[in-house]
Amino acid sequence: MSVVHHNWSSGDIRKIYETPLLELIMEAGTVHRQHHTTGEVQISSLLSIKTGGCSEDCAYCPQAARYNTNVEVQPLMKTEDVVLAAERARAGGASRFCMGAAWREVRDNRDFDRVLHMVKAVTAMDMEVCCTLGMLTASQAKKLADVGLYAYNHNLDTSEEHYEQIISTRKYEDRLETLSNVRNAGITVCSGGIIGMGETDDDRIGMLQTLANLPQHPESVPINALVPVKGTPLGERKRLPFYELVRMIATARIVMPASAVRLSAGRLELSMAEQALCFLAGANSIFAGDKLLTTPNPEFNEDMEMFNILGLKPKAAFSTSLEKV
Ligand code: SAM
Ligand code: DTB
Ligand code: SF4
């Protein structure tokens with residue numbers, strides 16, 4: 001039985017990461033079966049509640065105001081419309097609903113009050129509600145916890161060393177501080193990253209090491225393949241080779257055995273067989289719906305067909321892994 005621990009050395013993780021691929025997938029699959037119900041994959045739904053016009057300079061992001069992309073700026077949505085979108089998502093089998101805002105940080109203003117109402121309303125629908133709103137203070141995290149927020153997404157995105165090549169308008173420490181504010185408020189943590197941004201294997205290993213050595217593992221670890229968007233500094237990057245994605249998923253599964261590992265952005269380019277390998281390697285969640293935040297995602301019906309063919313069952317809300325972290 002693999003044990004959840006928090007003192008990973010980079011050498012330990014490198015050894016796992018460098019295991020021959022099929023062997024690695026099998027090892028990750030074994031760990032997965034020890035901690036999770038196999039064949040269950042959570043369907044999460046994403047909604048961009050405030051789009052574009054962001055002041056940050058994240059090199060991958062189509063929503064940064066400074067890059068010339070086709071994203072149309074949209075102000076904060078109305079609560080009723082968010083609830084309608086959550087109802088549609090739930091009817092399609094989603095048990096988690098994630099609301100994203102293109103903000104650098106949360107401000108204590110009327111928009112935040114509206115988000116608190118949205119969280120309350122969707123939580124009352126018995127879904128795991130997740131928000132990703134940028135940096136949070138301890139008191140803002142507490143307000144979100146008080147209205148019942150289940151999870152907060154805040155990605156480390158890459159290693160501390162590579163971070164400044166990707167974002168200059170905030171520091172890695174700022175990210176870690178928000179994660180600790182979220183944890184201390186009693187909200188579950190969702191944090192992962194993006195691969196395919198020109199990082200080295202050491203950067204990937206470093207990011208996993210930081211996540212796996214947090215005092216408590218994030219309950220949820222999204223692994224995104226970069227979606228290159230024209231107009232962003234990373235818009236001309238070549239697509240990430242699939243075998244690097246599956247290697248990253250398998251390594252994340254082994255170092256954080258009880259966490260949900262989410263096969264996130266970048267699924268549009270993957271065949272069903274490739275996604276099946278990701279599920280064997282321990283991925284147990286996808287974002288479904290034909291749009292992520294601003295970029296396309298596979299058609300809902302295609303995903304349902306994949307679930308049927310592979311014999312996957314959508315995971316219910318709030319069911320935890322077989323061993324608590
Ligand atoms: N503004 C908030 C923040 O940055 O934390 C929340 C929204 S932001 C769009 C959420 C995450 O989406 C980012 O941390 C990044 O990991 C992911 N993301 C954004 N653009 C992406 C892209 N082109 N490809 C893959 N992932 C992307
Ligand atoms: C995460 O790690 N991936 C999701 C979610 N958390 C918020 C977002 C992916 C966004 C991809 C680019 C876009 O659609 O704008
Ligand atoms: Fe803004 Fe978030 Fe995009 Fe960075 S990733 S530019 S903070 S919306």
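Biologist: Which residues lie nearest the centre of the largest cavity?

Modeller: Tyr60, Cys61, Gln63, Asn155 and Leu293 do, among 43 lining residues. Rolling a probe the size of a water molecule over the atoms shows where empty space is left. Here a cavity is a set of points, on a 1 Å grid over the protein atoms alone, where a 1.4 Å probe fits but cannot get out; lining residues have an atom within 4 Å of a point. This is a predicted model: local features need pLDDT of at least 70, side-chain atom pairs pLDDT 80 or more, while totals for chains, interfaces and linings use all residues. Residues are numbered from 1 along each chain, ligands are numbered from 1 in the order written, and side-chain values use heavy atoms, without hydrogens or water.

Biologist: What volume does the largest cavity have?

Modeller: About 880 Å³. A volume is the space filled by probe spheres set on the points, which are joined across faces, edges and corners.

Biologist: What sits in the largest cavity?

Modeller: Ligand 2 does. To sit there, more than half of its atoms must lie within 2 Å of the grid points.

Biologist: Which polar contacts does ligand 2 make?

Modeller: A polar contact is a pair of N or O atoms within 3.5 Å. The side chain of Thr294 brings an N or O atom 2.6 Å from a ligand 2 oxygen. For Asn155, a polar side-chain atom is 2.9 Å from an oxygen of ligand 2. Leu293 uses a polar backbone atom, 3.0 Å from a ligand oxygen.

Terms used. A polar contact is a pair of N or O atoms within 3.5 Å; within protein, one must be able to donate a hydrogen and the other to accept it, and residues adjacent in sequence count only if both atoms are side-chain atoms. On a 1 Å grid over the protein atoms alone, a cavity is a set of points where a 1.4 Å probe fits but cannot get out, and a pocket is an open set with protein on both sides within 12 Å along at least five of seven lines; lining residues have an atom within 4 Å of a point.
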